[in-house]
Amino acid sequence: MKKNIVIFIIVAVALCIFPFVASTYLVDVVFFFGIYTLLGLSLNIILGEVGLFDLGHAAFYAVGAYTTAILNTRLGIPIFVLLPISGIAAAAFAWLVCSPIIHLRGDYLCIVTIGMGEIVRIALLNDPGGLTGGPNGVFGIERPILGGPLVIESSIAFYFLIWIIVGLSIFALVRLQNSRIGRAWNCIREDEVAAEATGIDVRSLKLLCFILGAGLAGIAGNVYASKMMCVSPESFTFMDSCMYFCIVLLGGSGSIPGTIIGAGAISLFPEIFRSLAKYRMLFFGVAMVAMMYFRPGGLWPRKRGGLGSK
Amino acid sequence: MLTFVQQLINGLTIGSFYALIALGYSLVYGIMKLINFAHGDLFALGCYVGYTLLVWVSASLTSLFGIWGCLAVGMIVAAIGVGGAGILMERVAYRPIYPAGRLPAVVSALGVSIFLENFIMVVWGPRYLAYHSSFIPAGYWQIGSFRITVLQVVILVLSFILMGVLYYIIEKTTFGAAIRAAAFDRDTAKLMGIDINKIIFFVFSVGPALGGATGVMVGMYYRQISFTMGWVYGLRAFTATIMGGIGNIPGAMIGGIILGILEMLGAGYISAAWKDVFVFVVLIAVLIFRPTGLIGEKKAEKV
């Protein structure tokens, strides 16, 4: 435990110093690493903790981003006020769409989440009610204002914003992991029938993991929208959902440090191998297969402790 | 009524594409319990192999076999090539990873899919390519006020023959019984002396081969091909598989055809832009009422 705290402090100090010594480009790269981490953590609740296949996670991210974009450009609501609202909107959306389908198992749930992701993307493309701006998306989103002259504008400010949110999320998620809810989730993942037999309300807990995961993804959408100042449907494709899926599984399903490492691998790989140009994604595919060959449990698999250890 | 019949014919054609691709998903899923995400890209590979064959060696082929022979050769070569790619994929990317569990296998499948898509892009280039119209049988029949093209008839006949042959193999032969047994319970089937490796070889060669042949048919039907089409068709066919009940061979065929017809009716009556939404909404509705697909078997919960 003491060792963990030391590692944590070292990482935190390194993260604080990093933006002042690195170039703006690198700071932006690490900002997106943060966004991917947040998305990975949000999917980790669904996929890692409860073991539900969600290949439409980009839909929740999109709902958060578009909530921010539309409410900010139409009604002028400040970004920071929209931060919780985006999360709540994405969570409400998850509750609405997942309630009727939560009883589906394994691959059937998987295709329904894919379908949900596609429905959201196509709906955004088709510009319902003139709200989403079709393929062009919504642009002219404001920067977050902290109050008075404090505006988050520079790369460094955004960098700190996202990593503070990531830090707070990790704190909450670690506590959640060790809570009664977290243990019940893991129990459902290991054996649903046994979980139900021991009195766990499987249906509500599954729904809860979707709601929490979607809420966190919605918050990531809010930060993304204000950073990019525009959102368009092409950021929320099936391919993106697959990337988030890979973040969780590459890192180690159910493991929070693993998810961070997975997010790092997925977001930094294309940047590091930029020199390979068009062969880059080719190697990316090979790397994914190789990873699963050498470390099928992920880069940093979750350690089991206490009563749950096998 | 006119639109309805016309869209029905178009939907049936597209539906038979989806059905043929869906069979590949279903065959592999039945034995491996793995969604082969790379299957759509194998199909795209078939499109491009057929394209290359018809462009590069068309002159000598046409003089030897005529247009129909040329197309047949294109389809057979694409099927064999893609079938080979399927077996290679199983050996390299699935077999070593499979013992580790289902989740790593899914990531591996996604990795193969990304690899294949980019492989096609690197080899054939990122631009759209088009099948040359001189290889495509022209002509149509005008029946009343709707029309059916020669190509549609060829595609329909061919797909139903392929599906029929596969159905016969799976349902009526001894080898088919072994496949069904392995799909039902792999370990017990092994104990009964069924050679699982032979069955894995079969599903990973026949599934992709059907996909490859479908690729050439889609190329002839739409003419335009792109390296991203694997995702698009793969997703639709996968939807069809689930709609029929995954791992279920007749289910995949019926699911594919229903999906094609729904898509075309959606495009005709609602709007082309919303047709995919229509398809997915129907799929979700089907799954809410029949959680294991249209003809998914009732499986008792294993405790």
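How many residues of chain B are in contact with chain A? The views below start there. This is a predicted model, with local features needing pLDDT of at least 70, side-chain atom pairs counting only at pLDDT 80 or more, and totals for chains, interfaces and linings using all residues. Residues are numbered from 1 along each chain as its sequence is written, while chains are lettered from A and ligands numbered from 1 in the order in which they are written.

**View 1. Where chain B touches chain A.** Here 37 residues of chain B are in contact with 34 residues of chain A (contact: C-beta atoms, placed from the backbone, within 7 Å). On the chain B side, helix 4 (102–124), helix 9 (229–244) and helix 11 (275–289) each supply at least two residues (helices: DSSP runs of H or I, at least four residues, numbered from the N terminus). Helix 4 of chain B has the largest share, 12 residues.

**View 2. Helix 5 of chain A, residues 106–125.** Its 20 residues should span 28 Å at 1.5 Å a residue, and the end C-alpha atoms agree, at 29 Å apart (expected span: 1.5 Å times one less than the number of residues). Of those 20 residues, 16 are buried, so the rest of the structure largely encloses this helix (buried: 20 or more other C-beta atoms within 10 Å of the residue's own, with C-beta atoms placed from the backbone). Just after helix 5 of chain A comes Asp127(A), with a positive phi of about 55°.

**View 3. Around Ala94(A).** Skip the neighbours within four places in sequence, and Ala94(A) is in contact with Phe60(A), Phe210(A), Ile211(A) and Ala214(A).

Note on methods. Two residues are in contact if their C-beta atoms, placed from the backbone, lie within 7 Å. A residue is buried if 20 or more other C-beta atoms lie within 10 Å of its own, exposed if 12 or fewer, and partly exposed in between; C-beta atoms are placed from the backbone.
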